[in-house]
Amino acid sequence: MSALRVGVLAYPGCFASEVFGVPDLLTMAMHVAGPDRAGYEVSIVSPRRRVTASGGTALAVSPLRIVDVLVVPGFELPPGLDVDAKLASLAPEIAAIRSHAAAGDGVVSICVGAFLLAEAGLLGRRRATTSWLHAEELARRCPDTDVRADRLVVTDKGVTTTAAFSAMYDFALELIRRHSGAGVARTTARVALVDDARASQTPYVDPRLLPQPGNEFSHRVMRRLDQNVTARYDLAALSDTFNVSTRTLLRRFADETGQSPLEYLQSSRVRRARHLLETTDRTVASIAAAVGYRDPGTFAALFARHTGRRPRDYRAIFRRGAG
């Protein structure tokens, strides 16, 4: 059996520990297995020439290459971070993830690296997981994804997602088990003092850190808007859906989110449009219609207000970055 080629995708702001955690455990597994067993060829890759990870750590990276498994680490996600803007800044990495998956090779995310996989269009109609702390946000952003917030590792049709930080070792041990055998995986876990018998992240959940009760209403409204992103915005009909007056809906939604339902819907439409601009050759007019706008000019102005670029400019920049 030949060496398994594993690439870790480094990008600005990624957690440095999640870049090196899997390679380090694979290195230990090779020592355990001995020189006569097939090992692992691990590389830290990036579409960029220079990458600075979390904490200002400079990473030495290699150009993108063909690998059997691409690992996508998580990133710093402090309170108040504009996740859409963060993902927009990672267009070259998201293109690399999408290209790798299109070739039929395995893709793995660590923790909130799942948000990059979602942006690359890999989580639709799949089961997935992420940190329990951010599972609700992933489910809101991906209404057609079955988010399993209790699971440590989920693999569905060639795409693997893991829970937070240390779950990268649960994934790595499973990879070692498949490639090097159960005995090597078991011994590697003992040497590294890594628990190889965990089954759930539920024991680690601290309800005090979860979004506080009282936001359920806005989350239900958000999901409704996400699921009907192309429909005409009708505040009265939306209010009827939740059995409240329009005034009550606006007040409760604003109290919980700091914005109006229409503002949220517009940001959701822009997020969908960005994905279509990045992944298809559809015209701007066609994309405008696909996200609920009959007038391409109105759509273009809204898109520019949210992203700082007109749709055609955004597409050109993305394609240049992807190239």
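This section describes the overall fold of a predicted model and then a few of its residues.

The protein chain contains 14 helices and 10 strands. Its radius of gyration is 21 Å, close to the 20 Å that the globule rule gives for 323 residues, so the chain is as compact as a globular protein of that length. Along the principal axes, the C-alpha atoms fill a box of roughly 70 × 45 × 35 Å. Of the 323 residues in the protein chain, 46% are buried. Contacts were also sorted by sequence separation. Among those between residues at least 6 apart, 67% join residues at least 24 apart.

The accessible surface of the protein chain comes to about 15400 Å². Carbon and sulfur atoms account for 51% of that surface. The chain carries 42 positive and 33 negative charges.

Cysteines were examined next. A disulfide is a covalent bond between the sulfur atoms of two cysteines. The structure holds 0 disulfides. C14 is in no such bond, and the nearest cysteine sulfur, that of C111, is 12 Å away. A disulfide requires the two sulfur atoms to be within 2.5 Å. C14 has a relative accessibility of 0% and therefore counts as buried. C142 has a relative accessible area of 8%, so C142 is buried.

L123 sits in the loop between helix 4 (114-119) and strand 7 (127-128). Despite this loop position, L123 is buried, because its relative accessibility is 1%. Burial here means a value under 20%. Neighbours within four places in sequence were left aside in listing the contacts of L123. The remaining partners are A114, L117, A118, A128, L138, D144, T145, V159 and T161. R141 is 18 residues from L123 in sequence. Their C-alpha atoms are 11 Å apart in space.

Backbone geometry was considered for two loop residues. Most residues other than glycine have a negative phi. K157 is not a glycine, yet its phi is positive, at about 50 degrees. K157 lies in the loop between strand 9 (153-156) and strand 10 (159-162). Its relative accessibility is 56%, so K157 counts as exposed. N243 is also not a glycine and has a positive phi of about 55 degrees. This residue is found between helix 9 (235-241) and helix 10 (246-257), again in a loop. N243 is exposed because its relative accessible area is 71%. The exposed class begins over 50%.

T279 belongs to helix 11, which covers residues 261-279. With a relative accessible area of 30%, T279 is partly exposed. T279 and A95 are 184 residues apart in sequence. In space, the C-alpha atoms of this pair are 8.5 Å apart.

Technical notes
Residues numbered from 1 in each chain as written. Predicted model: local features only at pLDDT ≥ 70, side-chain atom pairs only at ≥ 80, totals over all residues. Heavy atoms only, no water. Helix = DSSP H or I, 4+ residues; strand = E, 2+ residues; numbered from the N terminus. Rg over C-alpha atoms; globule rule 2.2 N^0.38 Å. Buried < 20%, exposed > 50% of the residue type's maximum accessible area, 1.4 Å probe, protein only. Contact = heavy atoms within 4.5 Å. Areas by Shrake-Rupley, 256 points an atom, 1.4 Å probe, with all protein chains shown as cover. Lys, Arg positive; Asp, Glu negative; His and termini not counted. Charge placed at Lys NZ, Arg CZ, Asp CG, Glu CD.
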